Amino acid sequence: MSNNAVLIKQRLTEYQKAPLYPLELPAIKNKLADPNSSTDSFKDIYYKDPLFCAALITAGWEATQNRSNHPYAADHALSTIGIGGAQQRFLPLKPQGEIKLSQEVQFLLSCSLLAAELAEQIGELTNASNQRYWTALFYSLPDIILWYLKPESMWRIYYRRLNRPSKLNLFEESKLGFNLHDWRKTIAEELHLSEQCQLIFSKELPTNPKELYAYAHQGISESTPSLKQWHRQEAWLIVMCNQLARAVMSCWHPHGTQHIIELIKHLSHLENRKLKQSIHQGIRNVSENLIQSPLPNPGFGYLLKPSKPPFPDWLVNPQIDKSRVSPARSTRQKTHLSGTAPTHSQSTNFNLVQLKNKVEQLISQMLNQANSFASSTALVQAGLTCLINDLPFDRASFLIVNYKNLNAQTKIALSREKQLKIKPDFNFKTTPALANFIEKQAFMCFKHEKHQKIWRQLPEAITRQKIEQFGFCSLKPGSKVRALIYFDGNNRLCFQPEILKLVKKLFLAINKGLSIRNDTRQNKTT
């Protein structure tokens with residue numbers, strides 16, 4: 001199994017431990033508890049709760065896994081498992097506390113409902129298959145799960161797609177550990193989405209802006225080679241309806257809607273009037289279905305005047321740092337998914353003056369009173385503790401260099417409370433990217449996005465834990481490099497220039513303190 005597949009599996013397991021519950025769960029339970037309810041009683045919920053529909057599809061597949069055909073529609077799936085099967089599936093669900101979904105997840109769920117209705121309306125004019133509604137409804141489900149689990153990474157990918165779409169797969173891997181194409185294929189299989197969904201995800205989507213622009217204006221031609229396998233295909237209608245739904249609800253894209261309508265016109269060969277009538281009808285239907293629903297109403301997005309994109313400040317302004325997890329995931333979900341409570345590394349209220357004073361005091365003690373420490377290990381441990389408790393880093397490790405075996409092994413590993421300690425042991429022969437650290441005293445910070453070429457050469461503990469940024473420093477208290485210090489952290493302040501200046505001064509003090517202690521020990525022996 002490839003590293004990407006392992007990371008996808010881990011992320012899927014994380015979701016399965018704390019999944020998204022149906023939006024209308026209380027109403028679903030009330031209907032299931034009603035002895036007069038039938039499968040027809042849930043029709044209104046199908047059109048306002050995609051999560052309920054997805055859960056029914058999975059339950060329907062489990063009930064028919066020994067057959068050749070499986071239900072692809074929610075109503076068919078509910079008829080397959082019956083009211084009794086639905087009671088077993090949904091009545092035991094007991095979310096801990098109030099479920100609050102992020103604005104991003106709510107937005108995408110509403111877009112999915114609109115995309116399904118658009119596919120239904122446009123498909124009636126193009127003789128599309130009966131699967132179109134449900135395929136369009138579940139098309140965005142893999143992305144919704146990632147927006148739920150990794151909102152910051154998905155914001156960065158979305159922003160990159162808008163500004164620099166080239167080499168997007170590599171950028172996705174740098175942020176998630178895998179690309180979205182592989183993730184979508186896996187989710188479609190694991191959640192047992194329809195064969196049409198799985199077929200769409202098995203093919204690479206055309207993303208070349210020049211070709212899409214040419215297709216929107218002149219249709220298929222020699223200048224649009226990546227669109228040949230999509231032209232006149234129902235799968236392309238599904239993709240376009242999802243993109244159109246997002247454009248309709250994103251009032252910060254004033255010309256996005258018209259561009260996608262032109263793409264659909266060349267795909268479906270519909271005249272402009274009929275196509276726009278279908279779109280307006282789809283928006284009207286979903287807007288009526290979502291009255292009194294917590295999901296955003298697409299009618300508002302369609303009618304609102306163009307406005308500025310709602311990008312988070314930390315995304316468009318690197319100088320602004322804030323807790324980057326979207327605020328709408330409940331405390332239950334945060335602690336369940338990450339395994340940790342909010343820590344000091346998530347706080348941004350650092351007083352740089354106070355930090356400097358604390359670190360300078362320790363530096364002064366190391367330089368002027370190095371022998372006051374109980375041992376060299378105690379001196380090093382004090383430095384690492386300063387990184388964790390006073391500076392905004394999450395983990396720090398001290399590695400001893402063994403020249404006989406040409407490796408570095410962890411002697412001390414510290415971390416914040418409930419954070420996993422890291423032991424980035426490595427061999428210099430098999431890790432050439434770090435070889436220069438034993439040749440001379442060095443200090444360097446590594447970032448996944450900037451050092452993708454050497455990332456796989458780094459110690460396994462770093463690549464396995466999907467660390468985005470870390471630092472290494474070698475210590476040379478004598479004629480040779482004798483040790484290394486590793487440090488990392490999730491807070492954006494960790495790798496700001498002012499903080500790194502303090503870190504360098506601290507490491508120089510540790511190096512000098514060890515040198516002083518070595519000299520003192522040698523003088524005593526002579």
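Modeller: Leu406 is partly exposed, at 28% relative accessible area. The scale is simple: buried is under 20% relative accessible area, exposed is over 50%, and partly exposed lies in between, with a 1.4 Å probe and protein chains only. Leu406 sits in the loop between strand E1 (395-402) and strand E2 (407-415). Helices (H or I, at least four residues) and strands (E, at least two) are DSSP runs, numbered from the N terminus. The phi of Leu406 is near 55 degrees, a positive value in a residue other than glycine. Most residues other than glycine have a negative phi.

A word on the basis. This is a predicted model, in which local features need pLDDT of at least 70, side-chain atom pairs count only at pLDDT 80 or more, and totals for chains, interfaces and linings use all residues. Residues are numbered from 1 along each chain as its sequence is written, and side-chain values use heavy atoms, with hydrogens and water left out.

Lys167 also has a phi near 55 degrees, a positive value in a non-glycine residue. Lys167 is in a loop too, between helix H9 (151-163) and helix H10 (168-176). Its relative accessibility is 66%, which counts as exposed.

Asn297 is another loop residue, placed between helix H16 (272-289) and helix H17 (298-303). Asn297 counts as buried, at 17% relative accessibility. Leaving aside neighbours within four places in sequence, Asn297 contacts Ser287 and Leu290. Contact means heavy atoms within 4.5 Å. Ser287 is 10 residues from Asn297 in sequence, and their C-alpha atoms are 5.5 Å apart.

Now the setting. The protein has 25 helices and 6 strands. Of its 526 residues, 50% count as buried. Among contacts between residues at least 6 apart in sequence, 67% join residues at least 24 apart.

Ile144 gives an example from a helix. It lies in H8 (residues 141-149). At 1% relative accessibility, Ile144 counts as buried. Not counting residues up to four places away in sequence, Ile144 touches Leu20, Val105, Leu108, Leu109 and Ser112. Leu108 is 36 residues from Ile144 along the chain, yet their C-alpha atoms are separated by 6.5 Å.

Next, the helix pairs. Two packed helices are described by the angle between their axes and the distance between the axes. Axes are lines fitted to C-alpha atoms, for helices over the stretch in contact, and angles run from 0 to 180 degrees between N-to-C directions. Angles under 35 degrees count as roughly parallel, over 145 as roughly antiparallel, 65 to 115 as roughly perpendicular and the rest as oblique.

H8 packs on H9 at about 120 degrees, with the axes 5 Å apart. H8 is therefore oblique to H9. H8 contributes Asp143, Leu146, Trp147, Tyr148 and Leu149, and H9 contributes Pro151, Met154, Trp155 and Tyr158. By class, these are 8 nonpolar, no polar and 1 charged. Ala, Val, Leu, Ile, Met, Phe, Trp, Tyr, Cys and Pro count as nonpolar, Asp, Glu, Lys and Arg as charged, and the others, Gly among them, as polar.

H4 (residues 50-63) and H5 (residues 74-90) cross at roughly 90 degrees, and their axes come within 8 Å. That makes H4 roughly perpendicular to H5. Among the residues that meet are Phe52, Leu56 and Glu62 in H4 and Leu78, Ile81 and Arg89 in H5. The contact has 12 nonpolar, 3 polar and 2 charged residues.

H21 (residues 376-389) packs with H25 (residues 497-525) at about 175 degrees, with axes 10 Å apart. H21 is therefore roughly antiparallel to H25. The H21 side includes Leu379, Gly383 and Leu387, and the H25 side includes Phe507, Gly513 and Arg517. This contact holds 9 nonpolar, 3 polar and 2 charged residues. The buried residues of H21 are Leu379, Val380, Gly383, Leu384, Cys386, Leu387 and Ile388. The expected span of a helix is 1.5 Å times one less than its number of residues. For the 14 residues of H21 that gives 20 Å, and the end C-alpha atoms are 20 Å apart, which agrees.

Last, the cysteines. A disulfide is a pair of cysteine sulfur atoms within 2.5 Å. The count comes to 0 disulfides. The sulfur of Cys473 is 9.8 Å from the closest cysteine sulfur, in Cys445, too far for a bond. Cys473 is buried, at 5% relative accessible area. Cys241 is buried as well, at 0%.
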